[in-house]
Amino acid sequence: LGTLYYWHSYREITSEYVIVATDVGERASVTLPDGSTVSLNSQSELKYQLKDFHSARHQVYFEGEGYFKISRQSGGTFDVNGSDHRIRVLGTTFNLNSYADSAHVVITLEEGKVDFLSLKCGNCVQMKAGESAVLDRATGMIITMAGDTAGGAAAWKRGEVLLRHVSISTLFARLGDIYGVTYRLTGF
């Protein structure tokens with residue numbers, strides 16, 4: 001009878017979502033049941049079910065900015081789901097910027113390979129280490145870029161803000177995401 005009760009309680013616990021969220025200016029680090037780690041930047045949310053880590057297919061839901069270190073799975077997959085995209089990974093490290101109020105989703109891959117899928121139009125790009133990809137949320141199209149962008153994408157983990165060749169509106173939007181302030185630009 002004790003074993004049945006334990007099993008029933010365990011079943012109920014694993015059907016619930018675990019949610020880790022950060023507020024303005026906060027950061028958090030999470031170790032998932034499979035050993036993968038996710039560092040969350042300001043105003044980000046990671047959601048998953050424990051039961052999703054008891055099969056070969058692991059999945060999480062994410063919004064905001066995060067640095068993912070996905071452990072190598074034996075014969076399994078790991079999906080990072082967003083409202084309009086899915087990233088399928090197998091043992092890799094990447095930075096994901098997918099704030100809900102942003103016009104773009106940006107992934108920068110440090111190690112491994114990922115499939116970056118636009119749910120809007122079905123466009124799928126397989127990325128290699130050292131590449132970045134940008135999803136235009138309005139069209140669903142994905143553009144990939146090569147280059148040394150990985151260090152800049154995860155600059156927030158070092159407490160830095162690194163922006164190159166961006167418009168003033170993009171600069172203030174990014175600062176607003178990080179520090180939770182709103183800017184009003186006039187005369188542009």
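Accessible areas were computed by the Shrake-Rupley method with a 1.4 Å probe, and for residues only the protein chains shown count as cover. On this basis the accessible surface of the chain comes to about 10500 Å², of which 53% belongs to carbon and sulfur atoms. The structure is a predicted model, in which local features need pLDDT of at least 70 and side-chain atom pairs count only at pLDDT 80 or more, while totals for chains, interfaces and linings use all residues. Residues are numbered from 1 along each chain as its sequence is written, and side-chain values use heavy atoms, with hydrogens and water left out.

The secondary structure of the chain comprises three helices and 13 strands, where helices (H or I, at least four residues) and strands (E, at least two) are DSSP runs numbered from the N terminus. Of the 188 residues in the chain, 40% are buried; buried means under 20% relative accessible area, exposed over 50%, and partly exposed in between, with a 1.4 Å probe and protein chains only. Among contacts (heavy atoms within 4.5 Å) with a separation of 6 or more, 43% join residues 24 or more positions apart.

A search of the whole structure finds three salt bridges, each defined as a side-chain nitrogen of Lys or Arg within 4 Å of a carboxyl oxygen of Asp or Glu. Side chains of opposite charge can pair when their charged atoms come close. Arg 57 forms a salt bridge with Asp 79, with 3.0 Å between the closest N and O atoms. This pair links distant parts of the chain, since Arg 57 lies in strand β5 (residues 57–69) and Asp 79 in strand β6 (residues 77–81), 22 residues apart. Asp 79 is buried, with a relative accessible area of 0%, whereas Arg 57 is partly exposed at 39%.

Arg 137 and Asp 84 meet through their side chains in a salt bridge of 2.7 Å, N to O. Because Arg 137 lies in the loop between β12 (131–136) and β13 (142–146) and Asp 84 in the loop between β6 and β7 (85–89), the pair ties together parts that are 53 residues apart in sequence. Arg 137 is buried at 16% relative accessible area, and Asp 84 is buried at 15%.
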